[in-house]
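Here is a short briefing to read with the sequence and the 3D view open side by side. Please have both ready before you start.

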Amino acid sequence: NAIVQGAEVQSSTVEAQTPLAYDIANIFFALFVVAELAIRLRVHGWAFYKNDDRAWNLFDTVLVVLATFDTLIWCAGGDSVGLSM
C-alpha cells in the first residue's frame, strides 16, 4: 500500500488526473483492511477488545473506520480528507 501511495503522489505531480489503476488499488486496499478487521472480529468476538492488545486493536479499528469513510466520500464524488490507507 505504501508503494502504491508513493507512486500515486509521484504521478500526481506530473499529471493532473490520477490514473484509474491508483484509484482501483486504493479501493482494493480499503476493502482488504475492512475484510481483515471483520475476520478478526468474527474469530475473536468481543474478546478482541478485551485482551492485552486492546489499545492497539481499538486504534486499528478507528483507522479502518476513518479510511472507510474517506473512501466512501471519495467514491461518492466528494473530496477525500486524506485518510485513505
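Leaving aside its neighbours within four places in sequence, which residues is asparagine 57 in contact with? They are Arg40, Phe48, Tyr49 and Asn51, where contact means heavy atoms within 4.5 Å. Please keep in mind that this is a predicted model, in which local features need pLDDT of at least 70 and side-chain atom pairs count only at pLDDT 80 or more, while totals for chains, interfaces and linings use all residues. Residues are numbered from 1 along each chain as its sequence is written, and side-chain values use heavy atoms, with hydrogens and water left out.

**The chain as a whole**

- The chain has three helices and zero strands, and its elements run α-α-α from the N terminus on. Helices (H or I, at least four residues) and strands (E, at least two) are DSSP runs, numbered from the N terminus.
- Of the 85 residues in the chain, 18% are buried. Buried means under 20% relative accessible area, exposed means over 50%, and partly exposed lies in between (1.4 Å probe, protein chains only).
- Accessible areas come from the Shrake-Rupley method with a 1.4 Å probe; for residues, only the protein chains shown count as cover.
- Among contacts with a separation of 6 or more, 31% are between residues 24 or more positions apart.

- Helix α3 covers residues 54–75. Its 22 residues should span 32 Å at 1.5 Å a residue, and its end C-alpha atoms are 31 Å apart, which agrees. The expected span is 1.5 Å times one less than the number of residues.
- Asn57, Thr61, Val64, Ala67, Asp70 and Thr71 are buried in α3. The buried residues of this helix pack against α2 (20–44).
- An α-helix has 3.6 residues a turn, so residues three or four places apart point the same way.
- Threonine 71, in helix α3, counts as buried because its relative accessible area is 12%. Leaving aside neighbours within four places in sequence, threonine 71 is in contact with Ile27 and Ala30.
- Just after α3 comes glycine 77, which takes a positive phi of about 100°.

**Asparagine 57**

- Asparagine 57 lies in helix α3. Is this residue buried or exposed? Asparagine 57 is buried, because its relative accessible area is 8%.
- The side chains of asparagine 57 and arginine 40 are joined by a polar contact of 3.2 Å. A polar contact is a pair of N or O atoms within 3.5 Å; within protein, one must be able to donate a hydrogen and the other to accept it, and residues adjacent in sequence count only if both atoms are side-chain atoms.
- The asparagine 57 side chain also reaches the backbone oxygen of phenylalanine 48, at 2.7 Å.

- Side chains of opposite charge can pair when their charged atoms come close.
- Arginine 40 and glutamate 36 are separated by about one helical turn, because they are four residues apart in helix α2.
- Arginine 40 is partly exposed at a relative accessible area of 23%, and glutamate 36 is partly exposed at 37%.
- Another salt bridge joins the side chains of aspartate 60 and arginine 40 (3.0 Å, N to O). This pair links distant parts of the chain, with aspartate 60 in helix α3 and arginine 40 in helix α2, 20 residues apart.
- Together, Glu36, Arg40 and Asp60 are linked in a network of salt bridges.

**Valine 65 and the nonpolar patch**

- Val65, Phe69, Leu72 and Ile73 form a nonpolar patch on the surface, with about 370 Å² of accessible area together. Patches are made of residues with over 30% relative accessible area and no salt bridge: like charges are joined within 9 Å, nonpolar side chains (Val, Leu, Ile, Met, Phe, Trp, Tyr) within 5 Å.
- Valine 65 has its place in helix α3 and counts as partly exposed because its relative accessibility is 38%.
- Valine 65 and valine 33 are 32 residues apart in sequence, and their C-alpha atoms are 9.8 Å apart in space.

Notes. Salt bridge = Lys/Arg side-chain N within 4 Å of Asp/Glu carboxyl O.
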